[in-house]
Amino acid sequence: MSTRSERRWAELARELEFTRLPELRRQAEGWRTGLTGLTALLAVLVLLKGRDNLDNLPAAARASSTGLLITAFVLLATGSILAARAAHGVPEREILLGGQALRRWTKQEVARVTRALAWAYLFCVLGITLVVGALAVAWLTTQDSGAQRVMVRTNTDVLCGELIRADQHHVEISSKTDGKVSLPWRAVVSVKPGKNCDGAP
């Protein structure tokens, strides 16, 4: 390596002390934007679609998925706040006029921004992991369920089976004892999830 090349690298190394903080601020701004977007997307999906989908899960799976999603939202929101703090800093009580004081403040701020970005990155990864975990819990507890089991109570009988179809005129179920049964709604007293079919009268 030539002397001129070595001198240039030395100059760049010295300049890095003055450019590191603005560069970290730009990185933090990108992380803040990404984390804010992920947090907003998660909130919208949970508010618009989550409640109906979670109601179809068993109680334990519903509690687990809800806990994972809430924790993921908190982590992503916290990561967004940390990234915003890293990108914009906090209001200072006094303006630093001295060169040495400014140098010390810059060094401390670089350390704080680097630490905040590291935590924001960790919270982002953990938040996404928890969202994937919540989806996995939902998929694993519903993929083998097949058709929904229902208990249909009529004026004279109680039938249990898998729901085939329900429209404005009829409800059709497939029962192990009676086969395929089609009942008009006027003969149906109630239709409930078939969790208690084994103990039906």
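Why are Trp119 and Phe123 separated by about one helical turn? The legends below take up this question and then turn to the sheet.

**Close-up 1. Trp119 and Phe123 in helix α3 of a predicted model.** Helix α3 covers residues 99–142. Within this helix Trp119 and Phe123 are four residues apart, so about one helical turn separates them.

**Close-up 2. The aromatic pair.** One aromatic pair is found when the whole structure is searched. Its members are Trp119 and Phe123, whose ring centres lie 5.7 Å apart. The ring planes meet at 45 degrees, so the pair is tilted. Planes count as stacked under 30 degrees and as edge-to-face over 60.

**Close-up 3. Accessibility of Trp119 and Phe123.** Trp119 has a relative accessible area of 43% and is therefore partly exposed. For Phe123 the relative accessible area is 15%, so Phe123 is buried. The cut-off for buried is under 20%.

**Close-up 4. The open sheet of five strands.** The strands pair antiparallel in the order β4-β3-β2-β1-β5. At the edges stand β4 (179–184) and β5 (188–193). Each of these two has a single partner strand, so one side of each has no neighbour in the sheet. On average, neighbouring strands of this sheet are turned by 40 degrees against each other, direction ignored.

**Close-up 5. Strands β2 and β3.** Strand β2 spans residues 158–166 and strand β3 spans residues 170–175. The two run antiparallel and are joined by four bridges. Opposite Leu163 stands Ile173 in β3.

Definitions and conventions:
Residues are numbered from 1 along each chain as its sequence is written. This is a predicted model: local features need pLDDT of at least 70, side-chain atom pairs count only at pLDDT 80 or more; totals for chains, interfaces and linings use all residues. Side-chain values use heavy atoms; hydrogens and water are left out. Rings of Phe, Tyr and Trp (its six-membered ring) pair if their centres lie within 6.5 Å; planes under 30 degrees apart count as stacked, over 60 as edge-to-face and the rest as tilted. Buried means under 20% relative accessible area, exposed over 50%, partly exposed in between (1.4 Å probe, protein chains only). Two strands pair if DSSP finds at least two bridges between them. Axes are lines fitted to C-alpha atoms, for helices over the stretch in contact, and angles run from 0 to 180 degrees between N-to-C directions.
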